Amino acid sequence: MKTNIVSLYDNKRWDQYPTTQSLHALRLGAYIRKYRPGYDVVLSAYEMGQSPETIAKDILSTDPQIVALPGYMWTTAKTRAIAEYIERVRQDTIIVCGGPEPTSFKFLPWSDQTLFVAGQGEEAFLWICDQKEKQASFNGQNLGGCPYPVFSKVFDTTDIRNKQLGGKENKVIYLPEGVPLFSDELTECFVEKPSESFSWYETTRGCIYTCSFCGHNTLPRFATFSDDFVIQELQNMSRTGIDHIFINDPILGGKQERGKRVLRLFNQYAPGIALQSYMRPEFLDDEFVDLIAGGNHKEVLIGIQTLNPDVPQHVRNNNLEKIRKYLPMLSERNVPWRAELITGLPGDTINGLRESIRFVIDELRPAFIYSYHLTAIPETKIDSLVDDYQSPHWLKADPKSRRIIASSTANEESMATMLMYSTAACSLYMRLKQKQDRGALQQPITFAEIDRVVSEVLSLGQTEDMQSFLKQDYGAADRTWKKYGYEP
Ligand code: B12
Ligand SMILES: C[S@@+](CC[C@H](N)C(=O)[O-])C[C@H]1O[C@@H](n2cnc3c(N)ncnc32)[C@H](O)[C@@H]1O
Ligand code: SF4
C-alpha cells in the first residue's frame, strides 16, 4: 500500500514560518509508520502558487494508491482542483481529504473516488489505508461499517459525526500517538529531506472554551499527548537542529497545570528552541508568568478579541481581572507578547473598537498588537449569524472569502473604516514600540497620540495607503508608516 500525504504551503508566509510541511501531514504519516511499518508513506509538499495540474502530475509520479489532501479554508479550491485532475486521469487512486473543512463541504460535485474525513484523522486514515490494501477497488461506495466519520458523496456521514462529537463515552483524553516527530522512521518518508530549522508543533488539541468565532474544535473538549511522548519529540527536535517552533495548541498545554508542565519540559529538554505559543489570560498566575519569563519564548500570542461589553458573551468571555493583573506584568518582565483583537465582531462599532485598542495600548503595553478581520468559519455560531436578519446581531459576509463586510451595528462604510483604523493604529503602535525598545523614543507611546495621527492620515484618503490598511496587510501598513516618516 502506497500513500502520498500532501502539504500545501504559502511562500508569502515563508519569512514568518519557514517550513514546507504541515503538522497534520506529519502526524498522519507518523501514525501509519507506527502501526503499518510495511506501508509505503511519501510526505510531499507544494507551494500554493503552483498550478493544480503541476502538483497533481508530480503527486502521481510517485504512483500512490491513496493521495491525502488538506481540507482547510485556504486550501479548499486548490485541493478540489488537484483532486479533479487525479480523478480524471487515475481512477484506481483514491483521494482522501481531511481537516476542519470537509464537514461543511457540499460534496456532491466530488466523485465517489474521493473520501472525506471529519475530525481527527489518524485512526480514520489508517482504516482507509487498510481497506485499500485489502481491496484494490475500494472507494467511496464501500464505507458501510466504517467506525469513523469517513464519508463520500454516496455515503451519509451525519450519524457517525454526531457520535464522535457527542456523548461522554467518546471523550478523548490522550491523542493517538504515531512514531515521534523528527525521528528517523518519519524522516525517511520525505521526498526531500527538510533542511529547515523551523517546525509547527503541538502537545494538545481541542479547547476547554467555546468562543463563537473559532473553528478549531475538531474534538469534544481537549486531549493531549503523553509527557513521555512529548519528551521524546523534544529530544528529537534538539538533535535534528530545530531551533524555532510554533506550538499549535489552542492554548499552551490545554489546561493551566499542563501548560506549566509543558514549559518545564521545554526548559529541561530543549532550552535552545525558541517558542511561539497561544495563551489565554485566564491560564496565567504568578508561577506561569515566572515560567514564561524564565523560558525561551520568542512570542506569546494572547487573544483578547474585544473589550466592548456590547459584543455578545458567546463571542468571548474575558476575565478582565486577569487581563489587568497579568498582562502588564508580562510587559514589565520584557516578555515579547502579542495582543490579538478581531475587527468586525457583532455588536462592535468604531468607538467600541477604538476603546479596545486604547485599553491594550495604554494599559497593557504589549510588544505586538494585531487586529484580524472577522471570518465566518463554517459550523460556528458566528457563521449562523450571517444573513440572519431576525437576529439583533446579524452579519453580512463576502461569499467568497467569508470575511464580514457589515453587521447590525456597522454598515459597509463603517466596517471599512474600522478595518482601516485598526490596521493603521496597530501597525503604527508596533513601529513606535520598536523605536521605544531601541531607546530612540523619548516620550511615552499613548493611544491619544496614535489616534490623532491615524485619524489625520485616514482623513487624507490616499488610495494606495488606505488599501494596505483596508486589507489588513500589516507588512504593507508598516511600509506606509515608513513612507510617512515614522522610523523605528
Ligand atoms: C498552523 C495554523 C495555520 C498556519 C498554517 C500552516 C500550515 N500550512 O500548516 C497559518 C499561520 C498559515 C494559518 C493561516 C490561517 N488560518 Co490557521 N490555523 C493553524 C492552527 C493554529 C493549527 C493547525 C494544525 O496544524 N493543527 C494541528 C493538526 C495536527 O490538527 P488539524 O489541523 O486539525 O489536523 C487533524 C485533523 O483535522 C485531520 N486532518 C487534517 N488534514 C487532513 C488531511 C487528511 C487527508 C486526513 C485524513 C485528515 C486530516 O487530521 C489531523 C490529525 O488528527 C489551527 C488551529 C488549531 N489549533 O488547529 C488554525 C486554523 C486551521 N486556521 C484557521 C484559519 C481561519 C486561518 C486563516 C484563514 C485566518 C485568516 N483569516 O487569515 C489563515 C489562512 C491562511 C491563508 N493562506 O490564507 C481555522 C480554520 C478553519 C477552517 N475551517 O479551515 C483554524 C481551525 C483556527 C480557527 N480560527 O478556528 N493557520
Ligand atoms: C488560532 S486562534 C487561538 C487563540 C487563543 N486560543 C485565544 O483564544 O486567545 C488565534 C487568533 O486568531 C484570531 N481568530 C480566530 N478565529 C478567527 C476568525 N474567525 N476571524 C478572525 N480572526 C480569528 C483571534 O484573534 C485569535 O486570537
Ligand atoms: S479562540 Fe482560543 S480560547 Fe476561544 S475557543 Fe478558540 S482556541 Fe479556545
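Hi everyone, let's start with ligand 2: it has 17 residues around it, and the ones that come nearest are Pro250, Gln305, Arg316, Glu340 and Thr375. Please keep in mind that this is a predicted model.

So what touches ligand 2 through polar atoms? Let me take the oxygen side to begin with. In the side chain of Gln305, an N or O atom sits 2.7 Å from an oxygen atom of the ligand. A polar backbone atom of Gly303 is 3.0 Å from an oxygen atom of ligand 2. Then there is a nitrogen atom of ligand 2, with a backbone N or O atom of Phe213 at 3.0 Å.

How much of ligand 2 does the protein bury? On its own, ligand 2 exposes 570 Å², and 83% of that is buried by the protein.

Now, which elements build this shell? Those that give two or more residues to it are strand 11 (274-279), strand 12 (297-305), strand 13 (337-343) and strand 14 (368-373). Strand 13 supplies the largest share, with three residues. If you sort the shell around ligand 2 by class, you get 10 nonpolar residues, four polar and three charged.

Let's move over to ligand 3. Around it you will find Cys207, Tyr209, Cys211, Phe213, Cys214, His216, Pro250, Ile251, Arg280 and Arg316. By class, that shell holds seven nonpolar residues, one polar and two charged.

Terms used. Residues are numbered from 1 along each chain as its sequence is written. Chains are lettered from A and ligands numbered from 1 in the order in which they are written. This is a predicted model: local features need pLDDT of at least 70, side-chain atom pairs count only at pLDDT 80 or more; totals for chains, interfaces and linings use all residues. Side-chain values use heavy atoms; hydrogens and water are left out. A residue is near a molecule or strand if one of its heavy atoms lies within 4 Å of it. A polar contact is a pair of N or O atoms within 3.5 Å; within protein, one must be able to donate a hydrogen and the other to accept it, and residues adjacent in sequence count only if both atoms are side-chain atoms. Accessible areas come from the Shrake-Rupley method with a 1.4 Å probe; for residues, only the protein chains shown count as cover. Helices (H or I, at least four residues) and strands (E, at least two) are DSSP runs, numbered from the N terminus. Ala, Val, Leu, Ile, Met, Phe, Trp, Tyr, Cys and Pro count as nonpolar, Asp, Glu, Lys and Arg as charged, and the others, Gly among them, as polar.
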